[in-house]
Amino acid sequence: MKKISILSLLILFTISACNSLDEDPKAFIAANNFYKTTEDAEAAVIAIHNAMNSGTHTLYNRLIQISTEMATDDYEAGPRARNAHVRALSNLTHDASNDRMLELWRQSYDGINRANIAIDNISKNPNLNSQKDQDLVNEAKFLRAVLYFNIVRWFGNVPLVLHETTTLSAEALNVSNTPEAAVYAQIETDLLDAEALPVVQQINGRPTSGAAKSILSKVYLTQKKWQLAAEKSKEVIDSEVYDLFENYADVFNVATKNGKEHIYSAQFKGLSNWNGNMLASTSAPTSVPGIAGDQADALHTAGGLFESFAENDKRKYITFATQYVSPTNGQTYTTTPHFNKYFDPTTPASPGQSSKNTPIIRFAEVLLIYAEAANEYQNGPTAAAYEAIDRVRERAGIPLLSVISPTLSKDDFREAVFEERRKELVFEYQRWFDLARRGSDYFVAKLKAAGKTNAQPKHIHFPIPQRELDLNPNLDQIPAWKL
């Protein structure tokens with residue numbers, strides 16, 4: 001992807017602001033001097049993408065993994081995760097001083113601010129009125145929606161900021177918490193606008209109409225708007241724009257990335273200015289032959305995830321590896337299971353330079369969203385709900401649910417879908433969100449059953465970072481984290 005740093009934008013804005021002594025000294029941006037062409041507008045939208053996954057510890061390049069997934073029954077801090085803040089998350093002993101929480105907050109709002117800048121300045125410029133310019137506005141809205149969807153689930157009542165910050169005044173900077181319902185309403189509005197995006201993009205990694213509809217179906221699902229979730233996911237399914245790969249391994253092959261199953265993915269290109277996917281290096285053994293290795297992201301073996309896969313499940317040894325080929329001597333060593341989805345065999349000596357993308361949403365998840373939502377709003381599984389989950393199971397090579405359990409109750413079918421999500425979407429930034437949206441009782445029960453005995457109801461959210469509370473007197477901590 002093209003790159004433009006926010007620093008470069010600020011330099012441009014600073015230069016143009018210095019041309020006149022009459023500029024308001026409180027303003028940091030004279031953006032009308034920058035947004036002259038569609039190319040300028042495109043550069044601003046690319047800057048939003050870069051905020052999300054360009055760099056070694058950005059949101060979709062491992063930060064979500066070491067921040068949120070560590071706090072689940074599937075993951076734990078590995079031997080190389082020596083950061084006390086990461087280990088606290090793994091043990092559920094974190095608090096508002098945790099630096100991972102601060103990074104989640106800071107990077108999310110950095111991306112949101114970039115989106116606001118692009119939306120405001122493209123929309124209000126009369127010279128930027130082509131279809132391409134409108135597509136860029138809708139792309140920025142899509143990205144803003146994804147960022148808000150993450151942080152409202154992590155932190156609850158978060159500040160809703162919808163316009164660029166152009167002044168250093170306290171009123172502009174010290175924004176209060178916004179009720180979750182209002183944040184979700186804005187997410188829905190942005191995604192509905194983004195449905196006007198092209199069905200197919202010419203550049204890989206750019207969101208489409210189908211991506212907006214797919215994320216929106218998940219937004220509805222999270223809010224328990226079951227009928228809307230079923231209808232929107234069915235719209236994606238019936239469009240026939242997407243389909244499952246016949247081979248599960250192709251979901252994670254470099255040669256087949258951005259293929260028919262990939263609705264929207266974080267893009268990586270290893271050995272190119274260090275734009276590789278770091279998940280490969282943090283989950284694979286790197287130095288201790290014959291043991292689990294010196295990985296930072298480890299499978300939480302007490303959670304039983306590896307053992308829950310049938311031996312003939314085709315996903316099992318794509319998701320995990322139990323052997324390690326040393327890049328130094330070429331020998332094969334047996335290890336305890338470790339995550340394998342993002343290991344790139346073309347860069348064995350530099351696993352952090354994996355070119356494998358990280359799916360943000362793919363067609364298999366849309367099928368599972370439909371199965372879950374249809375079951376809920378129809379008060380039990382329909383034939384279409386069975387068909388949706390069975391498409392995922394058939395590709396995995398395991399028995400169809402409609403054959404082995406054709407008369408499941410609503411509750412039992414719900415659990416079957418959740419178990420399928422757990423297996424299908426391992427290491428794709430989904431588990432914490434799934435556990436949390438089921439509520440505190442479910443979350444705590446699952447983690448305690450996996451031996452994470454520190455789990456408490458408050459852990460369905462993360463604490464708002466203390467630094468943000470110190471800087472903003474109008475910001476209030478989540479009530480459960482005040483105790």
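My entries below go from the whole chain to single pairs of side chains.

**Overall.** I am working with a predicted model. I noted 20 helices and 6 strands in the protein. Of its 483 residues, 58% count as buried. The accessible surface comes to about 19400 Å², and 52% of that belongs to carbon and sulfur atoms.

**Helix α14.** I looked up this helix, which covers residues 363-377. From first C-alpha to last it reaches 21 Å, close to the 21 Å expected. Buried residues make up 14 of its 15. Just after α14, I found N379 with a positive phi of about 60°.

**Salt bridges.** The count came to 41. I picked out R422 and D73, whose closest N and O atoms are 3.7 Å apart. This pair links helix α17 to the loop between α3 and β1, 349 residues apart. R422 and D73 are both buried.

Next I turned to K232 and E195, with 2.8 Å between their closest N and O atoms.

**The surface.** Finally, I found a nonpolar patch made of V199, V200 and V241, with about 250 Å² of accessible area together. V199 lies in the loop between α8 and α9.

Methods
Residues are numbered from 1 along each chain as its sequence is written. This is a predicted model: local features need pLDDT of at least 70, side-chain atom pairs count only at pLDDT 80 or more; totals for chains, interfaces and linings use all residues. Side-chain values use heavy atoms; hydrogens and water are left out. Patches are made of residues with over 30% relative accessible area and no salt bridge: like charges are joined within 9 Å, nonpolar side chains (Val, Leu, Ile, Met, Phe, Trp, Tyr) within 5 Å. Accessible areas come from the Shrake-Rupley method with a 1.4 Å probe; for residues, only the protein chains shown count as cover. A salt bridge is a side-chain nitrogen of Lys or Arg within 4 Å of a carboxyl oxygen of Asp or Glu. Helices (H or I, at least four residues) and strands (E, at least two) are DSSP runs, numbered from the N terminus. Buried means under 20% relative accessible area, exposed over 50%, partly exposed in between (1.4 Å probe, protein chains only). The expected span of a helix is 1.5 Å times one less than its number of residues.
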